[in-house]
Amino acid sequence: FMKPTSTLIGPGEPILLPACCEQGPEVDYEAELAVVIGKAARNVSEARALDHVFGYTCANDVSARRWQMHGGGGQWIRGKSFDSFCPLGPVLVTADEIPDPQALGVCCRINGQPVQDGSTSDMIFGVARLIHLLSRDMTLLPGSVILTGTPSGVGFSRTPPRYLTEGDVVTVEVESIGELSNPVRRAA
């Protein structure tokens with residue numbers, strides 16, 4: 001899937017609950033490490049992949065689960081691509097400040113309550129592997145952002161499920177980077 005630029009918001013900006021998601025709660029959170037490419041990467045080896053990273057930041061891969069799983073015709077793009085569904089920030093930490101992107105804690109809190117707590121060491125594919133695999137078939141240009149995957153504890157997998165509602169505040173924290181907080185509002 002992809003996220004168009006209309007999904008991007010910064011710290012403090014509201015995550016908007018789309019009108020098409022009002023049939024029931026379905027908008028979910030996913031705390032993730034975001035990788036920002038610094039120099040073009042095409043068919044890069046895994047061993048050289050991190051040479052193409054400019055830096056890292058916090059990300060929230062917000063997802064409308066009904067549209068992701070059932071309403072998108074088998075494609076995840078609609079459920080992942082509503083306006084405001086990719087908060088990033090609060091800072092961009094340069095690659096030289098993160099010697100090992102596979103050794104960072106990643107957590108998420110909603111209204112101060114922990115809902116996710118994991119580590120980039122648990123990722124299915126490490127950052128270098130992701131860059132290698134993606135660059136085999138497409139050129140990753142400077143400024144491209146890769147979201148790397150989320151720890152367990154997302155809302156739809158909880159019992160009972162825990163989705164975002166108007167008035168919530170979602171905070172994503174990545175060790176050595178900072179905290180990204182966004183309020184949740186109903187779209188106008």
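Which residues does isoleucine 177 touch, not counting residues up to four places away in sequence?

**View 1. Contacts of isoleucine 177 in the predicted model.** With residues up to four places away in sequence left out, isoleucine 177 touches Leu33, Tyr56, Thr57, Cys58, Val91, Val93 and Ile98. Both Ile177 and Tyr56 are among the residues with the most contacts inside the largest nonpolar core.

**View 2. The largest nonpolar core.** This core comprises 41 residues. Those with the most contacts inside it are Tyr56, Ile131, Val174 and Ile177. Two or more core residues come from each of the strands β2 (15-17), β4 (31-37), β5 (53-60), β8 (105-110), β11 (169-174) and β12 (178-186), and from helix α3 (127-135).

**View 3. The largest pocket and its lining.** The space in this pocket amounts to about 1,100 Å³. Its lining consists of 42 residues, of which Phe1, Glu32, Ile146, Leu147 and Thr148 are the closest to the pocket centre. At least two lining residues are supplied by each of β4, α1 (65-71), β7 (86-94), α3 and β10 (145-147). Classified by residue type, the lining has 24 nonpolar, 11 polar and 7 charged residues.

**View 4. The hairpin of β8 and β9.** Strands β8 and β9 (residues 113-119) run antiparallel and are joined by 6 bridges. Isoleucine 110 has glutamine 113, in β9, as its bridge partner. There are 2 residues between the strands of this hairpin, and asparagine 111 takes a positive phi near 55°.

Key: Residues are numbered from 1 along each chain as its sequence is written. This is a predicted model: local features need pLDDT of at least 70, side-chain atom pairs count only at pLDDT 80 or more; totals for chains, interfaces and linings use all residues. Side-chain values use heavy atoms; hydrogens and water are left out. A nonpolar core is a set of buried Ala, Val, Leu, Ile, Met, Phe, Trp, Tyr and Cys residues joined through side-chain atoms within 4.5 Å. Buried means under 20% relative accessible area, exposed over 50%, partly exposed in between (1.4 Å probe, protein chains only). Helices (H or I, at least four residues) and strands (E, at least two) are DSSP runs, numbered from the N terminus. Contact means heavy atoms within 4.5 Å. On a 1 Å grid over the protein atoms alone, a cavity is a set of points where a 1.4 Å probe fits but cannot get out, and a pocket is an open set with protein on both sides within 12 Å along at least five of seven lines; lining residues have an atom within 4 Å of a point. Grid points are joined across faces, edges and corners, and a volume is the space filled by probe spheres set on the points. Ala, Val, Leu, Ile, Met, Phe, Trp, Tyr, Cys and Pro count as nonpolar, Asp, Glu, Lys and Arg as charged, and the others, Gly among them, as polar. Two strands pair if DSSP finds at least two bridges between them.
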